[in-house]
Amino acid sequence: MVKTIEKKAEEKMEKTIDVLKSDLSTLRAGRANPKMLDRVMADYYGTPTPISQMASITAPEPRTILIQPWDSKMISIIEKAILTSDIGINPSNDGRVIRLSIPQLTEERRKELVKASKKEGENTKVAIRNIRRTAIEELKAEEKTGAITEDDCKNGENLIQKLTDAKVKKIDEIVKVKETEIMSI
């Protein structure tokens, strides 16, 4: 019983960390990264659709993203979606492809991005701690019903705390790597 609760908590924690990685990958770090466009949605025949499902997105140069729509009629729609998004880049098109030129980041903007990445990390730590609390509550509920002993409950709490500590350390490492990436450009 303790192992299943621990396993469930670990799976939830891993999914939470995967979301953090995904969110941090969309932060613009001054280098062209096609993942920057993951959250940008364009109106594809009445349905909001991610640009990556409407076009080929590549980074042929360190400061350029190239978007090649599979349907040439979608160029203006994709361009409009990028303009209305929060990525802050002006697209230019030649009728076949859309180019995004990534400007150099200012020191102030880098500090803002570092702050944003740390905030994402803190939010993820809160989510991890909530998962820990839920798992410990489940253990205590199992102890009350008599499904597990008091010793099993204490051992389970210790295992979940160790798991939580390891995941928080992993979050700190992920955020530190992103911070280094942002500041080194």
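Ala-55 stands opposite Pro-69 of strand β4 in a predicted model, in which local features require pLDDT of at least 70, side-chain atom pairs count only at pLDDT 80 or more, and totals for chains, interfaces and linings use all residues. Residues are numbered from 1 along each chain as its sequence is written, and side-chain values use heavy atoms, with hydrogens and water left out. Strands (E, at least two residues) and helices (H or I, at least four) are DSSP runs numbered from the N terminus. Two strands are taken as paired if DSSP finds at least two bridges between them.

Contact here means heavy atoms within 4.5 Å; axes are lines fitted to C-alpha atoms, for helices over the stretch in contact, and angles between N-to-C directions run from 0 to 180 degrees.

β4 and β6 run antiparallel and are joined by four bridges. Within β6, Ser-101 is the residue opposite Thr-64, while Leu-100 is the residue opposite Pro-91. The antiparallel pairing of β5 with β6 comprises three bridges. Four residues lie between the strands in the hairpin of β5 and β6, where Gly-95 adopts a positive phi near 95°. The covered face of β6 carries Ile-98 and Leu-100, and the uncovered face carries Arg-99 and Ser-101.

The largest nonpolar core contains 25 residues, and those with the most contacts inside it are Leu-24, Ile-128, Leu-139, Ile-160 and Ile-171. A nonpolar core is defined as a set of buried Ala, Val, Leu, Ile, Met, Phe, Trp, Tyr and Cys residues joined through side-chain atoms within 4.5 Å. Burial is assigned by relative accessible area: buried is under 20%, exposed is over 50%, and partly exposed lies in between (1.4 Å probe, protein chains only). At least two residues of this core come from each of α1 (2-25), α3 (107-145) and α4 (150-183). The most is given by α4, with eight residues. A second, separate core has 21 residues, including Ile-67, Ile-78, Ile-89 and Leu-100.

Leaving out residues up to four places away in sequence, Ile-160 touches Ile-5, Arg-132, Ala-135, Ile-136 and Leu-139. Thr-164, located in helix α4, has a relative accessible area of 2% and is therefore buried. Beyond its neighbours within four places in sequence, Thr-164 contacts Met-13, Ile-128 and Arg-132.

Helix α3 contains Lys-125, which is classed as buried because its relative accessible area is 10%. With residues up to four places away in sequence set aside, Lys-125 touches Val-168, Ile-171 and Asp-172. The side chains of Lys-125 and Asp-172 make a polar contact at 2.5 Å. Such a contact is a pair of N or O atoms within 3.5 Å; within protein, one must be able to donate a hydrogen and the other to accept it, and residues adjacent in sequence count only if both atoms are side-chain atoms. Lys-144 is also found in helix α3, but its relative accessibility of 77% places Lys-144 in the exposed class. The C-alpha atoms of Lys-144 and Ile-98 are 62 Å apart, with a sequence separation of 46 residues.

Aromatic rings of Phe, Tyr and Trp (its six-membered ring) are paired if their centres lie within 6.5 Å, and planes under 30 degrees apart are stacked, over 60 edge-to-face, and the rest tilted. One aromatic pair is counted by this rule. The pair is formed by Tyr-44 and Tyr-45 in an edge-to-face arrangement, with 4.9 Å from centre to centre and 70° between the planes. Tyr-44 is partly exposed, at a relative accessible area of 33%, whereas Tyr-45 is exposed, at 58%.
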